[in-house]
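This report covers helices, strands, aromatic contacts and salt bridges in one protein model. The sequence and structure come next.

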Amino acid sequence: MIQLHTPNASRNQETRLLSFMESVSPGRSGRSRAGGGSRRVPPPVFGSAPRTCTFSSVSAVKKPAKIALAVAVAALLPALTAAPASAVANDDKPGTQGQPGKPADPGKAGKAGKSRKDPDPPPAAMSKVGGAQLGQPGTQVKLGAGAPVLPMDLTGRSWIVADAENGQVLASHNAHWRLPPASTLKMLFADTVLPKFPKTDVHTVIPADLEGMGEGSSIVPLHQNLPYTVHDLWLGVFLRSGNDAVHVLSAMNGGVPKTVQDMQAHADDLQALDTHVVSPDGYDAPGQVSSAYDLTLFARSGLQKKDFREYCSTASAKIPGPEGKNNERDYFEIQNTNRLLTGEPGLSPYKGIAGVKNGNTTNAGATFTGVAERDGRVLLVTVMNPDSSEGQAVYKEAARLLDWGFAAAGKVTPVGELVPPKSAAPSGAPLGSQPSADGARDTAKAAVTAKKGPGSGGIGTALAIAGGALVVVAAGVFLLNRRWPLPELVRRKR
């Protein structure tokens, strides 16, 4: 067994580390490098047909042997309230936004173990949520017999790869380092606010809704004094990473300060204790931080929700634009900025990808959290601020970690776990003992829809999504497996 626990692995170990996979190259879009914090937003594409994606639904819950259980699948975690205030807004799109943050920290696991002298190294002591080893600086991994070594050239200041079903952390690097999150913080925003408004609700954007957005923010764009459905707004948040859509939804939620409070309260419930929320959209702001561990918690929580899974896995959609002749509105196409999902010319999407969110700001550099399925196993990966000369490094490093995780599953000893939310256990019961859903449905219903036209924002994507509450299992089995399982997941098949 090999255990890498500090940035300074021995030279003998370093020479044994080999490259595991081919790079997967996704694209970036975002703020211009020249403007110190401003960003360039690509113009909307008019008149093009929506990109069709094929999804299938596969249960992410594995039943223990010799136990026959009736399973109902579902969404979890209502939004809660309490905590800080203040805000501004900015956003990211993976790739051309500002200066890429501070250099990555020393220890890299990989063939050459290319460590760097970091003027701002990780703290010697970090949070121990999820296990004491996750609070240690440097790379944490325990390789068993037949386990592949970690991939080469992992330059992220912080990263984590975990099993989305049972919460086991397979490997990590500075998992609890508190760093600027950029637009990956929108996962927490969505997980907090998304349940509050039916997607069919209509809201007319007024100038006050857009006040306080950070300079150079990424936008959908939305147009003042015109109506949008909540469905349209969430497409703008997830696909275009639009800070204007975030601010409109925040206004509907009672304003930016209240939304920040709600997000902080929800983060606290999720035990995401590295996170301090200042802006709902992830725009660079003093004191706004999160961690690879916390971002992974946000993704895991959000993926309990059917609408969250739909939006984060949608490659392209159409939303209404400005008014034209006879006060009629044309629809224009927007594409998801997650390049592991959509790819770009000459670059293929990652097989089995199902979301989640990317980000890029001046202070944060590039950030990304993704979820993917292969052979019935679902993994989550987060990479924060890689320092690499290769294009689209945040996606390529995430893809390498996913490939490693799929190959290493069952061959490594977990170095920690993704904890369940505080609200997942009834008062007085141990965390993880029982699911905290409103109630289980008798069966998981497969809702297959193919929506087109104005009512759905122009999405022509077929979805197969299971509804219902969280999986119901016997308390003893839940305790034994320490599982906070995902409901059936939407996945891309290629």
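## Basis and terms

A residue is buried when its relative accessible area is under 20%, exposed when that area is over 50%, and partly exposed in between, using a 1.4 Å probe and protein chains only. Helices (H or I, at least four residues) and strands (E, at least two) are DSSP runs, numbered from the N terminus.

The model is predicted: local features need pLDDT of at least 70, and side-chain atom pairs count only at pLDDT 80 or more, while totals for chains, interfaces and linings use all residues. Residues are numbered from 1 along each chain as its sequence is written, and side-chain values use heavy atoms, with hydrogens and water left out.

## Helix H5

Helix H5 spans residues 256–269 and has 14 residues. From its first C-alpha to its last, H5 reaches 20 Å, close to the expected 20 Å (the expected span is 1.5 Å times one less than the number of residues). Just after H5, Gln-271 has a positive phi of about 65 degrees.

H5 is mostly covered, with 10 of its 14 residues buried. Among them are Val-256, Val-260, Met-263, Ala-265 and Ala-267, and also Thr-259, Gln-264, His-266 and Asp-269. The cover over the buried residues of H5 includes H2, helix H4 (243–252) and helix H6 (292–302), where contact means heavy atoms within 4.5 Å.

## Salt bridges

A salt bridge is a side-chain nitrogen of Lys or Arg within 4 Å of a carboxyl oxygen of Asp or Glu. By this rule the count comes to 10 salt bridges.

An α-helix has 3.6 residues a turn, so residues three or four places apart point the same way. Asp-262 is buried at 2% relative accessibility, whereas Lys-258 is partly exposed at 33%. Lys-196, Lys-258 and Asp-262 are linked in a network of salt bridges.

Two other salt bridges link separate elements or segments. Arg-377 forms a salt bridge with Asp-163, the closest N and O atoms being 3.2 Å apart. Arg-377 belongs to strand S13 (residues 377–386) and Asp-163 to strand S5 (residues 156–163), so the pair ties together parts that are 214 residues apart in sequence. Arg-377 is partly exposed at 29% relative accessibility, while Asp-163 is buried with a relative accessible area of 3%. The side chains of Asp-191 and Lys-305 also form a salt bridge, at 2.5 Å from N to O. This pair links distant parts of the chain, with Asp-191 in helix H2 and Lys-305 in the loop between H6 and helix H7 (306–312), 114 residues apart. Asp-191 and Lys-305 are both buried.

## Aromatic contacts

Rings of Phe, Tyr and Trp (its six-membered ring) pair if their centres lie within 6.5 Å; planes under 30 degrees apart count as stacked, over 60 as edge-to-face and the rest as tilted. A search of the whole structure finds five aromatic pairs. One of them is the tilted pair of Phe-189 and Trp-234, with 5.4 Å centre to centre and 45 degrees between the planes. Phe-189 lies in helix H2 (residues 186–193) and Trp-234 in helix H3 (residues 230–239), so the pair ties together parts that are 45 residues apart in sequence.

Phe-189 and Trp-234 are both buried. Together with Phe-238, Phe-308 and Tyr-311, they form one aromatic cluster. Elsewhere, the charged end of Arg-329 sits over the ring of Tyr-228, 4.7 Å from its centre; this requires NZ of Lys or CZ of Arg to be within 6 Å of the ring centre and within 35 degrees of the ring normal.

Two strands pair if DSSP finds at least two bridges between them. Strand S9 (residues 316–323) and strand S10 (residues 329–335) pair in the antiparallel sense over six bridges, and Ser-316 stands opposite Gln-335 in S10. S9 and S10 form a hairpin with five residues between them, and Asn-326 in the turn has a positive phi of about 55 degrees. S9 is mostly covered, with six of its eight residues buried.

Strand S11 (residues 353–361) has nine of its nine residues buried, so this strand is largely enclosed by the rest of the structure. Seven bridges join S11 to strand S12 (residues 365–374), and the two run antiparallel. Thr-361 stands opposite Gly-365 in S12. S11 and S12 form a hairpin with three residues between them.
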